[in-house]
Amino acid sequence: MRKPEYLALFCAIALGSAGCASKHIVRAAPPSVSTPPHDATEPMPPPATPPQPVTTEEEPPPESTSPVPPMVPAKRPTPPRPRTPQPDPPAPRPAAPQISPQLSAKDLASTKSSTTANITTAEQNLQLANGKQLNAPQKDLTEKISSFLAQAHEAILADDWVRAQNLAEKARVLSAELVKSF
């Protein structure tokens, strides 16, 4: 390539990479707040009073304590502000269905016996902690063990032996940790 071609190529690249010389920033127009159009209605004239009949006898004028105030044209009511719809309170959620496996009679008997054994062991280990001075982690463990045992008893009442077995096992393991910490 020759020098003029290099120069032309260089200028084209420089112009292409430079972009526009000025940047135009377009801003959104501010929201307009307009007043409702004014109705060109004239106020109603006061009602005409009928002429008094002429009588020959003089009647005393009716006694009035204050003059009747002049009619004031009624103010045009302001339109109500649009209400934002209030969200409906959420409907109460139904309780989640408990899905538990169907156990055979043999498996059910095994589950019941292991659950009962785990609950008994955890309760015995928890009784060992009653007379002791416990530190904060040990107190936390006793609360968790008690919570698992209460949940296991609720599961037994609900006839959910699989869940009861899991909770009793957790209580037994934590109670063994508690006994080791003495």
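Author: Helices (H or I, at least four residues) and strands (E, at least two) are DSSP runs, numbered from the N terminus. This is a predicted model, where local features need pLDDT of at least 70, side-chain atom pairs count only at pLDDT 80 or more, and totals for chains, interfaces and linings use all residues. Residues are numbered from 1 along each chain as its sequence is written, and side-chain values use heavy atoms, with hydrogens and water left out.

Reader: How many helices and strands does the chain have?

Author: Four helices and zero strands. From the N terminus the order is α-α-α-α.

Reader: Where is N125 found, and is N125 buried or exposed?

Author: Buried means under 20% relative accessible area, exposed over 50%, partly exposed in between (1.4 Å probe, protein chains only). N125 is found in helix α2, residues 105-128. Its relative accessibility is 15%, so N125 counts as buried. Across the chain's 182 residues, 14% are buried.

Reader: What is N125 in contact with, beyond four places in sequence?

Author: Contact means heavy atoms within 4.5 Å. Leaving aside neighbours within four places, N125 is in contact with S175, A176 and V179.

Reader: Which residues are buried in α3?

Author: An α-helix has 3.6 residues a turn, so residues three or four places apart point the same way. In α3, the buried residues are Q138, L141, T142, I145, L149, A152 and A155. Seen down the axis of α3, they fall within an arc of 150° (directions from the helix axis to the C-beta atoms), so they line one face of the helix. Their cover includes α2 and α4 (161-180).

Reader: What does the face of α3 turned away from its buried side carry?

Author: The exposed residues A136, E143, E154 and L157.
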